[in-house]
Amino acid sequence: MRVSKGPRFSWHDHRLAPSGAHGRFAIPVQVDGRPGVIAGTFVRVPRPAIWPWLVGAGVFAVAVASLARRAPLRVPLVVVLGAAAGAAALTATIAFAVRDRPGGGVGWAAIGTAAAVAAALAVPLLRLRGRRRATAAGVTGAVAAAVALSALPVFWHGIVVSALPARRVRGRLRRRRRRRSSVAPAGARRVRRLAALGLVAVAAAGCGGGSSTPATPTIPAARVTKVIDFAPGGSVAAGKPATISFRIQQADGSPLTKFRRGPGPHTGVHLIYVRDDLSTIIHHHPPLGGRGKIVDHVTFPAPGPYRLVIDVYPASCPGSATPAVPGAPAGTCNFQLFERVRVAGAYSPRPLPPTSKAQKDGGCRFTLDGAANLTAVVAQLVHMTVTCAGKPATFQTYYGALAHAIFFRKGSLDYFHTHVCEPGASGCTSFLGATRVTGRSATPGKLTVGVLVPVAGTWRLFLQVEVGGHILTAPFTLHVK
Ligand SMILES: [Cu+2]
């Protein structure tokens, strides 16, 4: 039985508990039409000791009895005990309604009924005085006892799903297991202990509707953030302006309409078109006005297949659909989506030029230093000297940065992107997992560029700067070990 709505798929299953102290379980599933299996190990944990509970109950009973012998304390004692029992029953009812519905979701009707009964009992308890107040407390206690008795089967249950953080619960159990050598069957009394805290929910094996024929759960394809309404559907012409448009649909089905703003290059949506042979890139920042529809006008210089990288910085990181950039400041989200564009005409892939130390574009000369020993996943800095007409170049801020270093891997077209910002600028660091890199430029004509790529191979670095109002692109071939 499926017990969840929305992007999660959970179900009620009776096959998780093999007999014995521990054993393997394997549940066949169909995920997006493909057969799979969810397997694991089921370990029964020893019962917790009963004596602390007996001792606690004994101490409590003695304390209540000794207090009850003093006549002036009897009424306050009954009131306190009745109110405490009522509060405990309410907590337990809410905990069960929130975490233990066989059909999933939250039992709002049970919570509403419990709250109404609690309010009806609380009013006389607060308003009345003397013996009548004690009677009200007695009624509250009796109702609480009835509620507790109805929840009693929880103690017969072999499996407990705890609402406490897994690490804390498992840590406790591991310590307990280390202390005891023997393994007793089923941890029913562990249930009691957690249930007493009102923090437990019970699931699976044996509850809610008897045994059913084991079925193969059919799990639909995961919902993901994706590009929709991508146009054009067919090929475009080389040398003529083409219009590219699309929307980004989030995992919950809603369109992505809000993007990160502010200084620095990590904002909005970057579109990078790269020809499959890495001979050409086009880097655009389209406007982000029209309710999620992104439109870009682009002229492709030569025919052939292009990969389009859609590098997205959403305004917020909702749920798990757009994971936060690991290691980045909280709230920085980034993900990439990919599309293909076919530019009509004969395509003859150009071989990748060999490694070079110098490149020219727009009358400027780019000299690369320190790129001989590059390693994947390691942040390294290389040095770029840019001279235009023999003088050090003055870099202008272009798309939030003084320089953009765009990396594409030969063959797979894997992508990474780092930046060089003005001294003191924020939001210029690039992250790959927990590894980070920030470029620098302290003097005109000099750039310290961060190199950080996810896998080894032959990579093409496209260094982009703006000098004198012109965007210059210097491509370098890099070998990364
Ligand atoms: Cu950039």
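The axes of helix α1 (residues 51–68) and helix α2 (residues 71–99) come within 7 Å and cross at roughly 135 degrees; axes are lines fitted to C-alpha atoms, for helices over the stretch in contact, and angles run from 0 to 180 degrees between N-to-C directions. That angle makes α1 oblique to α2, since angles under 35 degrees count as roughly parallel, over 145 as roughly antiparallel, 65 to 115 as roughly perpendicular and the rest as oblique. Val64, Leu67 and Ala68 of α1 meet Leu73, Arg74 and Leu77 of α2, where contact requires C-beta atoms, placed from the backbone, to lie within 7 Å. By class, these are five nonpolar, no polar and one charged residues. Ala, Val, Leu, Ile, Met, Phe, Trp, Tyr, Cys and Pro count as nonpolar, Asp, Glu, Lys and Arg as charged, and the others, Gly among them, as polar.

This is a predicted model, in which local features need pLDDT of at least 70, side-chain atom pairs count only at pLDDT 80 or more, and totals for chains, interfaces and linings use all residues. Residues are numbered from 1 along each chain as its sequence is written.

Helix α2 also packs against helix α3 (residues 108–127), at an angle of about 170 degrees. The two helices are therefore roughly antiparallel. On the α2 side the contact includes Val79, Ala83 and Gly86, and on the α3 side Ala110, Ile111 and Ala114 are among the residues involved. The residues of this contact divide into 11 nonpolar, two polar and no charged.

| Helix pair | Axis distance | Angle |
|---|---|---|
| α1 and α2 | within 7 Å | roughly 135 degrees |
| α2 and α3 | 9 Å | about 170 degrees |

Helices (H or I, at least four residues) and strands (E, at least two) are DSSP runs, numbered from the N terminus. An open sheet of three strands has the order β2-β1-β5, with mixed pairing; two strands pair if DSSP finds at least two bridges between them. Its edge strands are β2 (34–43) and β5 (218–219). Strand β1 (residues 22–31) pairs with β2 in the antiparallel sense over 10 bridges, and valine 29 has glycine 36 of β2 as its bridge partner.

Strands β13 (residues 358–361) and β14 (residues 364–369) are antiparallel over four bridges. Aspartate 361 is bridged to cysteine 364 of β14. Two residues lie between the strands of this hairpin, in which glycine 362 takes a positive phi near 55 degrees.

The mean pLDDT of the chain is 81, and 83% of its residues reach 70 or more; pLDDT is the predictor's confidence in each residue, from 0 to 100. Over residues 180–212 the pLDDT stays under 50.

Key: Contact = placed C-beta atoms within 7 Å.
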